[in-house]
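Open the model in your viewer and keep the sequence beside it.

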Amino acid sequence: MAGRRISWRALVGWGVAAAAVAALAVFGLASSKNAVSGRPAPALPSDRLSGAAVSLASLRGRPALVVFWASWCTPCEQEAPALERFARSLRGRAALVGVNWSDPSPAGAKAFVKRFGWTFPNLRDPDETSGQKFGVSGLPTTYAIDSSGRIRDTLRGPQTQATLAQALSLASA
């Protein structure tokens, strides 16, 4: 193979493939209806970070998205503007609830909420108890919960308004 050159297209193709494999390893599939789909959602943490107090009981009767995030999480920063836009588009037909997971300080988490202008409720899970019960394995992770309190979909990695809307429609069906 001496003297044989590799084209730039081949290098780019291999680079894209490697990035895709790495993204799957870190985030999993963007949407994964897994073995836990349909199981009752675990209790939300009771420690309120910002916005109104919220619990699973208060969400009953309408679908909800529960987003686990942290202020130190770069993909969470990427997703943050889409979450606020999506929350404003709901107009009461569903709920969006943030859960700050494993942040070392409430001050950092509150600064994150303020920086992105989040108006939806956010809770704190500093000891990761609620996240473990949900099955969080990386951030951000979003759970689509139907009106009866059952998990219908799990989204891993940063989401867009379109993917959030799709997950909500699954939870509304």
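A polar contact is a pair of N or O atoms within 3.5 Å; within protein, one must be able to donate a hydrogen and the other to accept it. Keep that in mind for the first stop. One caution as well: this is a predicted model.

**Stop 1: S71.** Select S71. You land in the loop between β2 (64-69) and α3. Now show side chains. Which side chain makes a polar contact with the side chain of S71? That of D103, at 2.7 Å.

Is S71 buried or exposed? Its relative accessible area is 19%. Buried means under 20%, so S71 counts as buried. Next, display its surroundings. Leaving aside neighbours within four places in sequence, S71 is in contact with E77, N100, D103, G108, A109 and F112.

**Stop 2: the largest pocket.** Select R62, A94, A95, L96 and P121. Of the 18 lining residues, these lie nearest the centre of the largest pocket. The space inside is about 230 Å³.

Now colour α2 (56-59), α3 (74-90) and β3 (95-101). Each supplies at least two residues of the pocket's lining. What kinds of residue make up the lining? It divides into 12 nonpolar, three polar and three charged.

**Stop 3: confidence.** Colour by pLDDT. The protein averages 85, and 79% of the residues score at least 70. Then select residues 7-36. Here the pLDDT is below 50. Beyond near neighbours in sequence, this stretch has 26 contacts in the model.

Definitions and conventions: Residues are numbered from 1 along each chain as its sequence is written. This is a predicted model: local features need pLDDT of at least 70, side-chain atom pairs count only at pLDDT 80 or more; totals for chains, interfaces and linings use all residues. Side-chain values use heavy atoms; hydrogens and water are left out. pLDDT is the predictor's confidence in each residue, from 0 to 100. Contact means heavy atoms within 4.5 Å. On a 1 Å grid over the protein atoms alone, a cavity is a set of points where a 1.4 Å probe fits but cannot get out, and a pocket is an open set with protein on both sides within 12 Å along at least five of seven lines; lining residues have an atom within 4 Å of a point. Grid points are joined across faces, edges and corners, and a volume is the space filled by probe spheres set on the points. Helices (H or I, at least four residues) and strands (E, at least two) are DSSP runs, numbered from the N terminus. Ala, Val, Leu, Ile, Met, Phe, Trp, Tyr, Cys and Pro count as nonpolar, Asp, Glu, Lys and Arg as charged, and the others, Gly among them, as polar. Buried means under 20% relative accessible area, exposed over 50%, partly exposed in between (1.4 Å probe, protein chains only).
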